[in-house]
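Hi,

Here is the structure I said I would pass on. Have a look at it first, and my notes follow below.

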Amino acid sequence: MVEFEDRPERDDELDRELDQELQAALRPLQPPSGFADRVLARVQEAQVPRSPAFRERGGFAGRMRWAAAAVLLLAIGLGAVWALQRQRRIAGERMRDQVLLALRITGATIHAMQNQVAQNSQRSEQRETP
Amino acid sequence: MLRRPLSFNLKPFELEFRHLVETHQSRVFSIAYRILGDRGLAEEVAQDVFLALYRDLDRLESDTHVLAWLRRVTVHRALDAHRRRASRIEYAAEEFHEERTQVLSAGENRSAAQGRTYTSARLERWMSSLSAIQKSVLLLRYQEDMLPGEIAAALAMPQATVKSHLQRALKLLRSQAERQTKEVANG
């Protein structure tokens, strides 16, 4: 019983009675039927995103997505490298052809100049010989 | 103590949790209902309390700890719900009192047949005139059979304040009882 100071005896008696009545009256009440089921359902609901099976499924799909993205990136990278190398090879071949053409032109020019020099030398020798 | 298993099989844990819910559901629901006076809202609060318990179970080390946790969290959540409801403009107070009166009158009629001085239903009806905090203290004292020191710890308030709330609540109930007795005596 809760203690009250300086109270008449009758009040204390009433309080004791009230105490007993309260203890008897405030018995736990039954919740609506199916309460535990509803709590468990909410627990399951809250747990679904965290459940291992779901996580595993999500994880596998996630891994598959990552793998597909990696393969795609690799393909794009390899394609880019191949295209760059092809471009370089074509440019190299073109440059080689140009160099060869230039060498051929230079060779022909030198040959023509050599012939000219040789002809000039012969003419000089003929003039000097009486 | 109930422990969340490390394995992927959660079934045994959920069965144990169900047992925990079934053990404490009456206590939790009663506290919420007697503070709020609304079965629907009380069930909502009680469900929230058990959901919070599920999340916090790892931190609770014994059955005593679980019990203390449930009492404290239920009272706090019910008081929060009471404050939220009171602050809503659209809340119809008449509806609340009407529902409560209907429920309590039904109980009162049954109890009257048993010829008790202060019927349970009357006491509960008189309790509706108390403030939410007075009801909480009274419930912890008489429904949960807690001592003022334990109530003070649960509600994080000084023991003197708990005693003061108890005294005021009992005084109010006593005055209601006396008024009722006079009314009956006067015919």
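**What I found**

In chain B, 57% of the contacts between residues at least 6 apart in sequence join residues at least 24 apart. Keep in mind that this is a predicted model.

Of the 187 residues in chain B, 35% are buried.

Now the core. The largest nonpolar core holds 46 residues, and the ones touching the most other members are B:Ala32, B:Leu36, B:Val45, B:Ala46, B:Val49, B:Ala78 and B:Leu138. Helix α1 (residues 11-36) of chain B gives the largest share of this core, with 10 residues. Where does the core sit relative to domain 1 and domain 2 of chain B? It lies between them, because domain 1 (10-91) and domain 2 (129-187) both contribute residues to it.

Setting aside neighbours within four places in sequence, B:Val45 is in contact with B:Ala32, B:Leu36, B:Arg77, B:Ala78 and B:Ala81.

Then there is the interface. Here 25 residues of chain A are in contact with 34 residues of chain B. On the chain A side, α1 (9-25) and α2 (35-47) each supply at least two of the residues that touch chain B. Sorted by class, that side of chain A comes to 19 nonpolar, 2 polar and 4 charged residues.

Cheers

How values were computed
Residues numbered from 1 in each chain as written. Chains lettered and ligands numbered in written order. Predicted model: local features only at pLDDT ≥ 70, side-chain atom pairs only at ≥ 80, totals over all residues. Contact = placed C-beta atoms within 7 Å. Helix = DSSP H or I, 4+ residues; strand = E, 2+ residues; numbered from the N terminus. Nonpolar A, V, L, I, M, F, W, Y, C, P; charged D, E, K, R; others polar. Buried ≥ 20, exposed ≤ 12 C-beta atoms within 10 Å, placed from the backbone. Core = buried A, V, L, I, M, F, W, Y, C linked by C-beta atoms within 7 Å. Domains from an automatic or database assignment.
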